[in-house]
Amino acid sequence: MDVVDEDGAGDHAKRRVIQRQAASITAAVAPFGIVFGAAAATAGLSLIEAIGFSVFVFGGSSQFAAVEILGDGGSVASAAVAGLLLNVRSLAFGVIMAPALAGPLWKRAAMSQLMIDESTAVGSAQQGLRWQRYGFVVTGLAVFAVWNLTTVIGHVAFSGAGDLIDDLGLDAAGPAAFLALLWPRLSSRPQRRTAIAGGVIALALIPVAPAGVPILASMAGAAVANVGRHPEETS
Amino acid sequence: MSDATIVLIVLAAGTYVLKSAGPLVLGARSLPIRVQQLIDLLPAALLAALAVVSTMGDGAAIVIDARLVGLVVAGLALWRRVPFVVVILLASAATALTRLVV
């Protein structure tokens with residue numbers, strides 16, 4: 001389990017690898033930040049409100065959902081509930097990341113704001129708590145900076161960014177990044193079984209469950225199905 | 001206060017509670033071995049679900065489109081041990097090309 005390198009050179013190389021993962025996944029986020037900014041402007045939000053969402057909510061899909069519903073004339077309650085439902089998965093992310101995010105209360109409180117898909121994906125893909133924390137924080141901060149910057153750009157400058165994402169195939173960047181982070185785990189049988197179960201459950205729930213729920217349900221269902229079956233081979 | 005500001009405050013507060021519950025309540029406390037095994041497996045399910053939903057989900061519909069070509073290309077690239085950044089670029093390029101051609 002513990003593969004933290006002893007020598008400084010190894011540490012340096014390891015940091016570079018993680019930074020590159022963080023950079024790629026952050027680059028994939030940028031166009032969506034522009035689209036969010038543009039969507040917020042379209043829905044009648046002021047620039048300050050749009051930035052408020054990106055700083056204080058900081059959860060891409062929930063921001064989209066809430067703003068979309070507001071723009072369609074939906075109620076305050078429905079916009080807030082839809083957004084919250086999409087973020088229930090942060091609760092599970094927090095449980096995954098908690099051991100790596102140990103420290104003083106204020107640090108844990110600050111790092112919690114970075115609890116998003118991308119930071120959890122990069123963080124949990126690393127071996128050893130130290131590198132999990134490093135991956136989580138680096139990715140979280142990079143995405144936070146780029147997400148807010150692109151929210152402003154989108155609000156101020158763009159309105160047709162949705163087409164740009166399609167034309168450049170950037171909507172495939174996220175899926176590819178998630179698969180790349182999953183890849184090293186697939187060599188272990190329990191991990192592979194869990195990944196397949198998780199993917200199948202999520203796919204099956206897309207048509208019937210509200211957005212956000214398929215991802216959440218896949219984690220619970222798949223992992224519970226695996227635990228205890230072959231405890232000796234899970235790590 | 002505008003509707004958007006009210007939603008912003010409620011959503012931000014609720015989201016922060018969800019995000020921080022693990023790190024603030026659990027902290028570094030060590031969990032039972034069964035729970036640790038579960039947590040060790042959770043990322044695999046999470047990453048697979050994220051990949052599937054972001055590839056084939058479109059609201060409440062399952063959609064097969066150019067994104068799936070990108071994901072398959074990403075899988076082939078990973079199998080060939082291509083670096084992370086290149087995997088992302090190849091997947092995007094494959095999806096863009098598919099849209100141009102189809």
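**View 1. The two domains of chain B.** The C-alpha centres of domain 1 of chain B and domain 2 of chain B are 28 Å apart. Domain 1 covers residues 1-30 and domain 2 covers residues 31-101, with bounds that come from an automatic or database domain assignment. This is a predicted model, in which local features need pLDDT of at least 70, side-chain atom pairs count only at pLDDT 80 or more, and totals for chains, interfaces and linings use all residues. Residues are numbered from 1 along each chain as its sequence is written, while chains are lettered from A and ligands numbered from 1 in the order in which they are written.

**View 2. The fold and extent of chain B.** Chain B contains four helices and two strands, in the order α-α-β-β-α-α from the N terminus. Helices (H or I, at least four residues) and strands (E, at least two) are DSSP runs, numbered from the N terminus. The radius of gyration of chain B is 20 Å, whereas a compact globule of 102 residues would have a value near 13 Å. This radius is taken over C-alpha atoms, and the globule rule is 2.2 Å times the number of residues to the power 0.38. The C-alpha trace of chain B spans about 50 × 50 × 25 Å along its principal axes.

**View 3. The contact between chain A and chain B.** Chain A contributes 84 residues and chain B contributes 65 residues; two residues are in contact if their C-beta atoms, placed from the backbone, lie within 7 Å. On the side of chain B that touches chain A, the elements giving two or more residues are α1 (3-26), α2 (33-56), β2 (61-62), α3 (66-79) and α4 (84-101) of chain B. The most come from α2(B), with 21 residues. By class, this side of chain B has 45 nonpolar, 14 polar and six charged residues. Ala, Val, Leu, Ile, Met, Phe, Trp, Tyr, Cys and Pro count as nonpolar, Asp, Glu, Lys and Arg as charged, and the others, Gly among them, as polar.

**View 4. Helix α3(A) against helix α1(B).** These two helices pack at an angle of about 155 degrees, and their axes are 11 Å apart. Axes are lines fitted to C-alpha atoms, for helices over the stretch in contact, and angles run from 0 to 180 degrees between N-to-C directions. α3(A) and α1(B) are therefore roughly antiparallel to each other; angles under 35 degrees count as roughly parallel, over 145 as roughly antiparallel, 65 to 115 as roughly perpendicular and the rest as oblique. The crossing of α3(A) and α1(B) is right-handed. A crossing is left-handed if the near helix is turned anticlockwise from the far one by less than a right angle, and right-handed if clockwise. From α3(A), the residues A:S62, A:A66 and A:L70 meet B:D3, B:A4, B:V7, B:L11 and B:T15 of α1(B). Five residues of this contact are nonpolar, two are polar and one is charged.

**View 5. The fold and extent of chain A.** Chain A has 12 helices and zero strands. With a radius of gyration of 19 Å, close to the 18 Å that the globule rule gives for 235 residues, chain A is as compact as a globular protein of that length. Its C-alpha trace spans about 55 × 45 × 40 Å along the principal axes.

**View 6. The two domains of chain A.** The domain assignment places residues 8-168 in domain 1 and residues 188-235 in domain 2. Their C-alpha centres lie 23 Å apart. Seven residues of domain 1 of chain A are in contact with six residues of domain 2 of chain A. On the domain 1 side, α3 (60-71), α4 (76-87) and α5 of chain A each give two or more residues. That side comprises five nonpolar residues, one polar and one charged.

**View 7. Helix α2(A) against helix α8(A).** Helix α2 (residues 47-57) of chain A and helix α8 (residues 129-156) of chain A pack at about 155 degrees, with their axes 9 Å apart. This angle makes α2(A) roughly antiparallel to α8(A). The crossing of α2(A) and α8(A) is right-handed. In the contact, α2(A) supplies A:L47, A:A50, A:I51, A:S54 and A:V55, and α8(A) supplies A:W147, A:N148, A:T151, A:V152 and A:H155. By class, six of these residues are nonpolar, four are polar and none is charged.
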